[in-house]
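Please keep the sequence and the structure in view while reading.

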Amino acid sequence: MRVLAAMSGGVDSAVAAARAVDAGHDVTGVHLALSRSPESDRTGARGCCTLEDARDARRAADVLGIPFYVWDLAERFETEVIDQFVESYAAGRTPNPCVRCNERIKFAAVLDRALALGFDAVVTGHHARLDPDGTLRRSVDPAKDQSYVLGTLRPEQLGAARFPLGDSTKAQVRQEAAARGLAVADKPDSHDICFISGGDTAGWLRERIGSRPGPIVDSRTGQTLGGHDGTFAFTVGQRRGLRLGHPAPDGRPRYVLDISPVTSTVTVGPAEELDIRRLVADRAAWPHEGVVTCEAQVRAHGGVVAAEAEARGDDLVVTLATPVRGTAAGQAVVLYDGDRVLGGGHIRVTAA
Amino acid sequence: MTYLDHAATTPMRPEALAAYAAVLADTGNASSLHASGRRARRIVEESRETLAGVLGVRPSDVVFTGGGTEGDNLALKGLYWARRRAEPTRRRVLVSAVEHRAVLDTVQWLGAQQGAEVELLDVDAAGMVHPDTLAAAIDRDPAAVALVSVMWANSEVGTVEPVAELAAVARRHGVPFHTDAVQAFGQIPVTVGEEGPDAITVSAHKIGGPVGVGALVVRRGLALEPLTHGGGQERDIRSGTLNTAGVAAFAAAAATACALAPRESARLAALRDDLVRRVQEKVPGAVLNGAPLGGPQRLPGNAHLTFPGCEGDSLLMLLDARGIECSTGSACSAGVARPSHVLLAMGAGEEHARGSLRFSLGHSSRAADVDALVEAIGPVVERAGRAGALAGMTGG
């Protein structure tokens with residue numbers, strides 16, 4: 001099989017490519033250039049968009065003896081991921097750019113181009129399992145499981161994907177990289193949003209959206225407790241950084257409950273008002289009929305709660321058996337049966 | 001393997017390889033005073049004379065460098081600094097819009113950091129700078145011009161610039177004229193004479209010599225500030241221990257390339273014409289960029305084609321997978337292809353620029369190389385076209 005290995009410059013994608021070579025495939029490595037003006041060096045454990053990451057990917061490809069190219073997807077990434085990220089925050093939602101990148105870049109633009117160019121599959125270093133029948137499952141390493149950020153992919157997107165790392169823990173992957181002589185074996189994991197240098201998301205958003213001051217309002221009394229510079233700096237469920245002058249009458253902490261960009265109002269209140277029992281999501285991937293009993297996960301590396309899910313037109317309606325706190329519109333909801341991914345969508349509406 | 005990227009680098013010629021290996025095996029610093037040093041010095045000076053001979057300059061005009069990029073940097077920065085020191089009002093730097101990045105990035109740095117006023121000279125649809133364009137640019141404020149630089153032949157589309165006329169325009173205004181002849185040297189006659197350019201950059205590895213050695217021809221009397229300071233080995237313009245083996249191999253390659261050039265250029269032009277004709281038979285929509293075939297305004301080994309609806313890097317990858325090596329000809333940053341500034345300056349749209357490939361022939365090219373390309377190109381363009389359609393390339 002001719003396979004295209006997406007190589008970020010990290011240890012996971014390098015070992016994934018190596019395993020594809022070992023499996024006897026004709027492998028070509030590709031590094032995706034996602035930044036218009038990449039920084040030359042990594043600072044700390046961030047992202048995969050620097051020239052140093054591109055060099056690391058190239059070196060891994062050299063060691064594996066496979067051809068290597070850089071595909072420039074910066075323009076596409078900017079419109080499909082970065083612009084949407086900014087718009088989402090401006091609209092009071094909390095997007096997950098990794099989910100979006102998988103949906104629109106890795107398993108869309110890259111996959112489509114690879115297939116058009118004659119490749120049969122795209123290999124990535126995601127920690128997830130993909131059964132021969134197309135069922136997506138969690139990685140054997142619960143700490144590194146990435147099935148959540150893949151959970152909204154449609155069957156035809158997963159059909160040409162290969163995840164060779166799903167049966168290994170991260171520690172095993174690192175050991176294997178070292179044994180193979182891959183210099184990225186002990187490269188730190190990336191955590192932050194790859195296109196936000198330094199991890200200051202609020203500052204980054206302020207530069208793009210601009211200052212839009214407004215009040216912070218108590219959900220129960222309607223009293224204005226303070227002010228802010230722009231709703232983009234807040235996420236539903238957030239507790240820190242509210243800088244409220246008045247303590248709540250009961251002395252308990254207050255959380256962001258709601259964000260209204262139109263009036264630039266941030267509503268805060270006690271934790272129990274964050275409880276969400278019902279979600280309506282855009283039906284990104286849900287090939288099931290009727291009410292399905294399952295478990296729901298609403299954030300990367302979050303826990304799961306028992307749920308019932310049902311498709312209604314283009315919506316996916318999820319009822320949670322126990323409430324979850326601080327779920328925001330824009331996040332993905334991914335539904336599981338044990339370690340099997342049933343599907344998922346993007347949360348549009350939440351209700352208690 | 002089918003190597004069609006001789007403009008990037010070309011295999012070392014046997015004469016150059018023999019000279020290189022022979023001198024490398026010997027010890028001697030050309031600046032040392034003992035016998036080993038004198039032996040090395042003799043090789044350097046004989047090599048200088050050989051190069052001066054084929055370039056039509058005095059041996060003392062030849063300053064050995066570490067390659068083409070260094071030569072361009074030395075010429076542009078060195079001239080600019082020397083001119084500015086003599087006359088602080090001379091800040092205008094005129095270069096063509098289709099220069100190699102070694103020139104463009106250098107003058108942009110002079111503009112950003114050193115107070116230069118950089119002006120890019122327009123080119124026509126074939127990539128040529130007209131002498132009238134240069135004259136008009138100088139005439140806008142002749143007393144403020146520090147220097148002019150226009151390449152002898154373009155590295156992407158192979159257009160040969162009217163260097164003699166351009167140099168004459170500059171000379172009339174008393175302005176130093178530099179030319180980057182890295183692509184032209186060894187392929188077409190690069191001789192200077194009394195009326196030619198004041199400074200010429202050449203490089204060894206483009207003509208069958210080793211990487212890491214080149215020369216800047218600097219006419220006597222032309223003031224140049226050095227970039228590197230140290231032993232002052234090369235006329236105090238360039239410091240650093242002389243690369244005796246590299247210089248010897250460079251001279252051997254230059255002697256061979258220039259001696260064979262008249263015959264070789266006819267052979268390569270015929271091969272190239274065959275390549276273009278047969279590729280266009282297989283892909284009727286393919287468009288030749290640059291000057292027409294058959295004329296003196298195009299390097300004999302250069303074929304530069306746009307395949308509408310395709311992305312150059314898709315084409316390159318698919319050809320590479322079939323053992324055929326060529327170039328997208330565009331500037332690269334970490335391997336990221338950008339639309340060629342050369343094609344954009346020639347008036348091409350961004351999509352046209354992105355869909356182009358450079359095939360460049362050289363001394364080891366044979367008819368079988370063209371045959372291999374012609375056999376592969378049809379299916380490759382068809383596949384790349386499918387990928388291009390996904391990327392929204394219209395093929396128009």
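**Strand pairing and domain contact**

In chain A, V30(A) has Y69(A) of β3(A) as its bridge partner. The model is a predicted one.

- Strands of a sheet pair through backbone hydrogen bonds, in either a parallel or an antiparallel sense.
- Strand β2 of chain A, residues 26–33, runs parallel to β3(A), and five bridges join the two.
- Both strands belong to an open sheet of five strands in chain A, whose order is β3-β2-β1-β4-β7 with parallel pairing.
- The edges of this sheet are β3 (68–72) and β7 (161–162) of chain A; each has a single partner strand, so one side of each is left without a neighbour in the sheet.

**The hairpin of chain A**

- Strand β10 of chain A (residues 255–260) pairs with strand β11 of chain A (residues 265–269) in the antiparallel sense, over five bridges.
- Within this pairing, S260(A) stands opposite T265(A) of β11(A).
- β10(A) and β11(A) form a hairpin, with four residues lying between them.
- One residue of the turn, S264(A), has a positive phi of about 55 degrees.

**The two domains of chain B**

- Chain B is divided into domain 1, which comprises 2–7 + 261–390, and domain 2, which comprises 14–255.
- The contact between them involves 25 residues from domain 1 of chain B and 26 residues from domain 2 of chain B.
- The C-alpha centres of these two domains of chain B are 28 Å apart.

**The interface between the domains**

- The size of an interface is often given as the accessible area lost when the parts come together.
- Between domain 1 and domain 2 of chain B, the buried area is about 2,000 Å², and carbon and sulfur atoms give 56% of it.
- On the side of domain 1 of chain B, L299(B), H341(B) and M346(B) lose the most area to domain 2 of chain B, together 31% of what that side buries.
- Nine residue pairs are in polar contact between domain 1 and domain 2 of chain B, whereas zero salt bridges are found across this interface.
- On the side of domain 1 of chain B that touches domain 2 of chain B, the elements giving two or more residues are α7 (244–282), β10 (302–306) and α9 (341–345) of chain B.
- The largest share of that side, four residues, comes from α9(B).
- The residues of that side of domain 1 of chain B divide into eleven nonpolar, twelve polar and two charged.

How values were computed: Residues numbered from 1 in each chain as written. Chains lettered and ligands numbered in written order. Predicted model: local features only at pLDDT ≥ 70, side-chain atom pairs only at ≥ 80, totals over all residues. Heavy atoms only, no water. Pairing = 2+ DSSP bridges. Domains from an automatic or database assignment. Contact = heavy atoms within 4.5 Å. Buried area = accessible area lost by both parts, 1.4 Å probe. Salt bridge = Lys/Arg side-chain N within 4 Å of Asp/Glu carboxyl O. Polar contact = N/O pair within 3.5 Å; in protein donor to acceptor, adjacent residues only side chain to side chain. Nonpolar A, V, L, I, M, F, W, Y, C, P; charged D, E, K, R; others polar.
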